[in-house]
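This report describes selected local features of one protein model, together with the ligand shown with it. Please consult the sequence and the structure below while reading.

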Amino acid sequence: MTQTAPRKPFLDVLAGRRQAVPPLWMMRQAGRYLPEYRALREKAGSFLDLCFTPDYAAEVTLQPIRRFNFDAAIIFSDILVVPHALGRAVRFEAGEGPRLDPLDTPETIATLPAIGDDSKLTPVYEALRRVRGELDPAIALIGFCGAPWTVATYMVAGRGTPDQAPARLLAYRHPDAFQRIIDAVVDSSIVYLTGQLKAGADVLQIFDTWAGVLPPREFERWSIEPTRRIVEGVRRNVPDARIIGFPRGAAGLLPRYVERTGVDAVSIDWTAEPSMIRAQVQSRVAVQGNLDPLALIAGGTALDRAVDDVLESYGEGRLIFNLGHGIQPQTPIAHVERMIARVRNAR
Ligand code: CP3
């Protein structure tokens, strides 16, 4: 057979080919701003049941695609499934976010296995296979994990905190113990991301939501270096693996992150300075971002201006249009539609 697979504009950008109309998706595009998500979420019971029931996870993944025809679907799961595979108790309390048993002393950290039980993540692989089977071949499927630093911040504190101080303190006081957590997450994530590619993901994203709280030396050790090891480890298994990094808040450290980790693209938040990004980041890799999610809540001319700013700042180079962080639950669906129309009709 000489049939060629349909082009995926999203993958074209990652492979070095700018698209006149940038491919578009949204971080957290499956979620509470969609009534169909809220309905299924209620039916599923707990949040982890939703993630680990392949029919439900596949359905929730496809909901935003049906509504908005995005250029990429992201598999519905959470970054905290890796601590779950590492044997940590993970639960999500309604309206309060994640809760884990804290891992905050060298003695408790010594009990952590060196690698997670990958069989606990089988339902995610099954959900990926189902989505791949139903998804339009022109739409890319994204697998993901959390970066070790961000995952470790939740494992240490047992919850989200305003500045992730518990993990920062532990890393200063007990760097060897903290390194053990990072190493376990690195090795588990290599297996997990490789499994996602084998199950049908076209591209991977590594979410380092809390990268921006680290000083440069710690950023190098706890964000860049573990991410570099994951990229290297995944490519040892799948040499042409395409990987997007999201070191949120990395600001002036972004060029260093790109150079050292080997990612194919970086997701940037809305505080990025365009001329620096163009010269030192977009010159090397594709850029994904970076609309302020609050402009999407506001809508109207403020939203139009924010969309135009992203296109004007980055549209001449390789761009994947996205938000600078996840869409928030109170966002009106009509504003999402307005944003998409403006991006797709701009040129
Ligand atoms: O993007 C998508 O549509 C795919 C699904 C996805 C979720 N979480 C589903 C989710 C992805 C990619 C994530 C990543 C994630 N999870 C990150 C990194 C990206 C980011 O947004 O910063 C982090 C830090 C987490 C950990 C986490 N999960 C937190 C802090 C929370 C609570 C905050 C919140 O939004 O409620 C979650 C829960 C969560 N993960 C929800 C969803 C849809 C909401 C839970 C619900 O529906 O009850």
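Leaving aside residues up to four places away in sequence, Glu36 touches Gln63 and Arg67, where contact means heavy atoms within 4.5 Å. The model is a predicted one, in which local features need pLDDT of at least 70 and side-chain atom pairs count only at pLDDT 80 or more, while totals for chains, interfaces and linings use all residues. Residues are numbered from 1 along each chain as its sequence is written, and side-chain values use heavy atoms, with hydrogens and water left out.

**Glu36 and its partners**

Glu36 belongs to helix 2. Helices (H or I, at least four residues) and strands (E, at least two) are DSSP runs, numbered from the N terminus. The side chains of Glu36 and Arg67 are joined by a polar contact of 2.8 Å. A polar contact is a pair of N or O atoms within 3.5 Å; within protein, one must be able to donate a hydrogen and the other to accept it, and residues adjacent in sequence count only if both atoms are side-chain atoms. Between Glu36 and Gln63 there are 27 residues of separation in sequence and 7.4 Å in space, C-alpha to C-alpha.

**The ligand site**

The ligand is surrounded by 22 residues, the closest being Arg32, Tyr37, Asp78, Thr209 and His325; a residue is near a molecule if one of its heavy atoms lies within 4 Å of it. Arg32 places a polar side-chain atom 2.7 Å from a ligand oxygen atom, and a polar side-chain atom of Thr209 also lies 2.7 Å from an oxygen atom of the ligand. From Arg28, a backbone N or O atom lies 2.8 Å from a ligand oxygen atom. Taken alone, the ligand exposes 860 Å², of which the protein buries 88%; accessible areas come from the Shrake-Rupley method with a 1.4 Å probe, and for residues only the protein chains shown count as cover.

**Accessibility of selected residues**

| Residue | Relative accessible area | Class |
|---|---|---|
| Cys51 | 0% | buried |
| Cys145 | 1% | buried |
| Ser313 | 15% | buried |
| Glu36 | 24% | partly exposed |
| Ala251 | 44% | partly exposed |
| Arg28 | 56% | exposed |

**Cysteines**

A search of the whole structure finds zero disulfides, a disulfide being a pair of cysteine sulfur atoms within 2.5 Å. The closest cysteine sulfur to that of Cys51 is in Cys145, 15 Å away, which is too far for a bond.

**Backbone geometry**

Most residues other than glycine have a negative phi, and most peptide bonds are trans. Arg28, however, has a positive phi near 60° and is found in the loop between helix 1 (9–14) and helix 2 (35–44). Ala251 likewise shows a positive phi, of about 50°, and occupies the loop between strand 6 (243–247) and helix 12 (254–261). The peptide bond from Gly289 to Asn290 is cis, with omega near -15°, and Asn290 lies in strand 8 (residues 286–291).

**Ser313**

Ser313 is placed in helix 15 (residues 300–314). Its side chain reaches the backbone oxygen of Asp309 at 2.7 Å. Not counting residues up to four places away in sequence, Ser313 touches Pro274 and Arg278.

Terms used:
Buried < 20%, exposed > 50% of the residue type's maximum accessible area, 1.4 Å probe, protein only.
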